[in-house]
Amino acid sequence: MQEFIDFCRGPLFRLTFLVMIFGLIRILILDIWGAVEAYRNAGDKNLAWKSAFIKTIQWLFPVKHVVARRPVYSLISILFHIGLIVVPIFLLAHVQLWKTSVGIAWWTLPYDWANYLTLLTIACSVALLLGRALSKTSRTLSRKQDYLWPILLLLPFATGYICANVTVSPSMYQLVMLTHMLSAEVIFIFLPFTKIAHCVVMPLSQFVMTLAWKFPARIDKKIAATLKKEGQSV
Amino acid sequence: MRNSQITEQERQKAFESKKKAEVVERQHLHVRYHIEDMDVSDRPKRFLTAFAAILRHTNYRFALEHFIRISAKCGRCAVQCPIYTATGDVCDIPCYRSELLLSVYRRHFTLGGMLKGRLLGSGYLTDEMIDEMADTFWNCTACRRCTMECPVGIDHALITHLGRFILSEIGIAPRALVVSTREQLEGKTGNTSAIPLPALIDTLEFLEEDMKEEKGVDIKFPMDVQNAEYLFTPAVSDFLMEAETLMGIAAVFTATGGSWTISTEYFDAINYGLFYNDRILERVILKLYGQAERLNTPKILIGECGHASRSAKQYVPVHCGGKDAKPVFNILEYTYDMLKSGKLKLDPSVITERVTYHDPCNLARLGWIVDKPREIIKAFCKNYVEMTPTKEENICCGGGGGIVSIDEVRSYRTIIGGKAKADQIRATGAKILIAPCANCKKQLRELVEDQGIDCEVVGLHDLIYKAIIFE
Ligand code: SF4
């Protein structure tokens with residue numbers, strides 16, 4: 001058992017983590033590359049950079065949007081996102097792992113905060129999941145991954161909380177720890193290939209939108225030729 | 001926006017189809033708008049061929065790639081859509097509608113989708129899916145409110161725009177738009193309302209006489225003046241239905257000594273291409289630009305019309321040389337400048353009724369023309385009230401995206417499309433509703449009529465005409 005845990009903590013972690021990093025970099029490059037191409041093709045290169053930038057900031061720190069509409073849902077969603085980002089990165093136990101293995105360390109969350117934030121994240125993911133399942137609108141929109149993700153994301157948080165706070169038998173502890181690591185590793189692997197990819201490309205959205213309306217010049221004849229519609233009446 | 005759905009009775013009336021069963025049968029298509037007869041064979045294959053050709057020569061692919069990566073299906077857009085708020089129908093959720101096209105893209109144009117589709121033997125585009133797109137893409141009024149509210153940033157209006165483009169390439173587009181456009185680009189009169197030139201000249205002379213009588217001043221509609229500063233082009237329907245708006249504009253130019261001209265070769269700024277086909281959009285732009293070149297006017301000025309202004313403003317630079325292209329303005333910008341420079345004087349005692357202002361989506365959504373008309377109005381209308389929400393967040397009149405020109409869907413437009421707008425207008429208690437857009441005005445007049453609201457719908461220059469002071 002311990003060997004398997006060590007394997008998960010060592011090589012498997014490194015592998016899945018790299019898959020995630022490279023997967024995300026790949027998507028980021030593809031996205032930016034597509035935008036650069038589109039910009040090159042655009043007949044008019046005068047983009048509303050400033051307004052796109054402002055909107056991007058407004059969505060990255062969506063204070064304005066919370067007050068404006070659907071305050072409860074928005075607040076839960078924002079807290080959920082904060083927890084997802086902050087806890088794994090700034091948890092003392094995680095930082096210590098980085099320190100012993102790679103030799104780098106950074107600021108960490110105080111123990112109590114980490115606990116509260118973990119519980120809050122769990123509560124939020126349950127709330128979001130229920131919200132999705134109970135509202136007719138969301139139900140029709142939802143795909144499998146939309147239900148699976150909150151559950152999958154909940155796992156490492158719940159198991160992490162247990163490891164840190166609940167006294168269990170050593171074998172039980174190993175099992176919980178294993179679940180903790182494996183679920184995180186599953187997340188790493190799937191993250192770049194599903195909707196969670198928005199964590200890296202979402203900041204580009206407002207620019208994509210502005211740019212997408214800047215069509216390439218003179219496409220009429222080209223499309224007509226490809227479709228063999230030259231000279232055809234309207 | 002009030003969250004109020006239509007009643008069952010209203011629904012039946014709104015969705016009542018005025019089409020003959022045999023036409024629906026012949027065309028294999030269940031949509032409420034009329035369509036010209038087209039090739040009905042192997043639609044899915046032709047749809048995909050058109051889609052591929054469009055992807056090849058345009059910029060849509062990178063946007064679609066981005067959208068399929070980030071789509072989180074949170075449903076936040078639903079509450080923003082006036083259509084969904086009224087119908088509560090799943091197919092009207094912006095994100096659902098976008099998914100119709102995104103799923104075709106994913107399945108047929110991405111490697112993963114193609115492999116998965118092959119392996120499972122599933123997901124191939126079907127006639128039913130095309131039916132659904134043909135129906136729901138034309139429920140949307142292209143108001144772009146949903147786009148404003150998408151946290152990850154999906155442009156649903158762009159996807160609908162593309163969906164309509166592809167559909168039109170296989171012959172599915174509202175007849176009303178296609179027929180007008182054909183007249184505009186290939187017909188004898190060369191404009192969407194089929195107004196012959198002699199009739200136009202008659203009308204304008206008649207209006208000039210009218211204005212002389214009413215104002216005691218010589219106000220002219222200059223035609224084919226070489227080297228004038230502005231080539232003025234309104235939505236051509238204004239010549240038939242919005243004489244007062246045009247008189248107001250002519251009066252402003254006369255009072256301020258502006259240099260402008262109308263072209264007799266081509267005098268229609270309507271661009272239905274924006275609503276259904278980028279190729280048409282391009283051709284109309286080139287036609288308009290050709291007149292500015294012929295008359296050697298350095299600037300292009302569009303009348304009170306949202307979509308005509310936006311399409312010229314956005315696509316003249318795209319197709320006519322980027323930053324070197326002649327700049328495009330909307331008439332509200334000119335009038336505002338004149339007011340600020342003190343050349344235009346308005347009498348604040350003429351309009352006493354309560355007035356309110358409707359922002360045309362195509363002018364306001366992106367923040368292009370928002371405060372200028374308000375400042376003009378406040379300069380002479382003392383009893384002015386705002387609607388809520390307003391400005392960039394305004395609610396569509398319910399006729400956007402070309403729907404207003406489809407007469408057979410009037411009940412849909414005034415019961416569903418304009419429902420939220422009607423509530424808004426009622427809440428202001430205004431007696432005059434200013435809407436500086438030919439499309440909005442037509443829709444709003446039908447809306448107040450069908451919904452029994454006591455309010456007159458006018459253009460901004462209609463009121464300016466009444467209040468203008470000649471010195
Ligand atoms: S553009 Fe307007 S009408 Fe169309 S889906 Fe979005 S909010 Fe609804």
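Reading chain B of a predicted model

Asp42(B) is found in the loop between α2 (21–27) and α3 of chain B. The model is predicted.

Me: What makes the phi of Asp42(B) worth a remark?
Reply: Asp42(B) has a positive phi of about 40° although it is not a glycine.

Me: Why are α3(B) and α4(B) called roughly perpendicular to each other?
Reply: The axes of α3 (residues 43–57) and α4 (residues 60–70) of chain B cross at roughly 105°. Angles of 65 to 115 degrees count as roughly perpendicular, and α3(B) and α4(B) are therefore described that way.

Me: Which residues make the contact between these two helices?
Reply: α3(B) supplies Phe51(B), Ile54(B) and Leu55(B), and α4(B) supplies Tyr60(B), Arg61(B) and Leu64(B).

Me: How do you know which class each of them belongs to?
Reply: Phe, Ile, Leu and Tyr count as nonpolar and Arg as charged. The contact of α3(B) with α4(B) therefore has five nonpolar, no polar and one charged residues.

Me: What makes the shell around the ligand divide as it does?
Reply: The residues surrounding the ligand include Cys81(B), Pro82(B), Arg97(B), Thr141(B), Arg144(B) and Arg145(B). The whole shell has eight nonpolar, one polar and three charged residues.

Me: Which elements give two or more residues to that shell?
Reply: They are α5 (82–87), α6 (94–109) and α9 (145–149) of chain B.

Conventions. Residues numbered from 1 in each chain as written. Chains lettered and ligands numbered in written order. Predicted model: local features only at pLDDT ≥ 70, side-chain atom pairs only at ≥ 80, totals over all residues. Heavy atoms only, no water. Axes fitted to C-alpha atoms, helices over the stretch in contact; angles between N-to-C directions. Helix = DSSP H or I, 4+ residues; strand = E, 2+ residues; numbered from the N terminus. Parallel < 35°, antiparallel > 145°, perpendicular 65-115°, else oblique. Contact = heavy atoms within 4.5 Å. Near = heavy atom within 4 Å.
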